[in-house]
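I'll jot down what I look up as I go.

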Amino acid sequence: MHFPDPHDEDGFDQISPEQAGIDADAVDDAVEFHLTHGTPDETVEYHMPDLEPFDETEGELGGFLGPVPDRRGGPAGMILESGRVVAEWGDTERVDHCFSCAKSFLSIVGGVAWDQGRFDLDARVANDIADNEERSSSSSRTQSGDSGFNSDHNAKITWEHLFQQTSEWGGELFDRPDSIDRNRAVGKTGGPGKDEPRELEVPGTFWEYNDVRINRLALSLLRLHAKPLPRVLAHEVMDPIGASRTWEWHGYHNSKVDIEGRTMESVSGGGHWGGGFWSSTTDLARAGHLLLNEGEWDGKRLLSEEWVEKATDPCDVYENYGYLLWLNTDQTLWPSAPESAYAFLGHGQNVVWVDPEHELVVVLRWLDLADDRDEREDQVNQDRFFEKLLAGV
């Protein structure tokens, strides 16, 4: 496995497809597919302040709470094989919104906290961060809690539930009730819409993609680390892997909280209401390469191998999801790819795809959705790209 010198501005070494054992025509076909299937303006506006609410059922609650970039870019991407660049296209240094790829960075900072012994996956979150008389007891992991897990229902939620999106946390956070994102169609076909009410299920028994609950996880991790999550990510991961200083991680205008007497911003785990993770393609490639190498970077352990294994282990309730990573169990999401492949996925089709079997990392920015995407379980255009690429491996 190859790693760029963190102090070398040139980044990853470049090799030809043939040197990587990949047919050059297959690489060209895949890249051409992306360049001719970029995200159209009507799907995600180039002038990002004009973005429409994700769902009209959200009404006035669908507006922005946090910042968005002034503009987004066009198709860009990278293909790495064993840590060397096989292909690169578009503006890979442009800092763009990553939308729900932010969730996978929450998994990374969660892994840092777990490796440091800050929480146990099967422990109830309420026991670690609840704002009550017991918070200062020896069982509490933080001295700065809140009441978000005090209800009988929320008190049953474990850390693993939060990471797998099976928590069914109920409540309001930063002026957004969890109910606004119930019945969200991400990862599902058919079923009721967001405009139809749904009663909460027992924590751990129901999977749902819900950005209010993701933000609840981000706030909980902030309380555990007792420092801003962007600082944790930079110090523990992004600086050691040689990422640039151009990436940003934002919260909302109303997501500042008190942590042990200091005011800190709690970041968002997506771009649903603004904020979120903004990054260049090259920095995303470095994060993907870290996970490909199971948390180790050029001999230095940044995440435990055990955390990466747990994060890529299918959830019992929804087998295509791990700890905020999308999985290819039974080759459902990407039929053309190995079952061991997994990815960070974000709106607008922002993708960091990891293929351990072939030692590949692929980053795709702004890939169009297929016309029939909503009727299918697989990630159609992503798989078409991978099918073309893997035909040459």
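Which residues is Trp 249 in contact with, leaving aside its neighbours within four places in sequence? I looked, taking contact as heavy atoms within 4.5 Å, and got Ala 102, Phe 105, Leu 106, Val 109, Leu 229, Pro 230, Leu 233, Glu 265, Val 267, Ser 268, Gly 276 and Phe 277.

A note on ground rules. The model is predicted, so to speak of local features I need pLDDT of at least 70, and side-chain atom pairs count only at pLDDT 80 or more, while totals for chains, interfaces and linings use all residues. Residues are numbered from 1 along each chain as its sequence is written, and side-chain values use heavy atoms, with hydrogens and water left out.

Next, the cores. I took a nonpolar core as a set of buried Ala, Val, Leu, Ile, Met, Phe, Trp, Tyr and Cys residues joined through side-chain atoms within 4.5 Å. Buried is under 20% relative accessible area, exposed over 50%, partly exposed in between, with a 1.4 Å probe and protein chains only. The largest core has 112 residues, and Trp 159 and Trp 249 have the most contacts inside it. Helix α2 (residues 101-115) gives the largest share of this core, nine residues. I also found another core apart from it, of six residues, including Met 48 and Trp 366.

Helices (H or I, at least four residues) and strands (E, at least two) are DSSP runs, numbered from the N terminus.

Then I went through the rings. Rings of Phe, Tyr and Trp (its six-membered ring) pair if their centres lie within 6.5 Å; planes under 30 degrees apart are stacked, over 60 edge-to-face, the rest tilted. I get 26 aromatic pairs that way. Phe 3 and Trp 297 are edge-to-face, because their ring centres are 5.1 Å apart and their planes stand at 65°. That pair links distant parts of the chain, 294 residues apart: Phe 3 is in the segment before α1 (24-35), Trp 297 in strand β9 (residues 296-297). Both Phe 3 and Trp 297 are buried.

Tyr 321 and Trp 326 are edge-to-face too, 4.9 Å centre to centre with 80° between the planes. Why do I call Tyr 321 buried? Because its relative accessible area is 1%. Trp 326 counts as buried at 5%.

Last entry: Trp 114, Phe 119, Trp 159, Phe 163, Trp 307 and Tyr 323 form one aromatic cluster.
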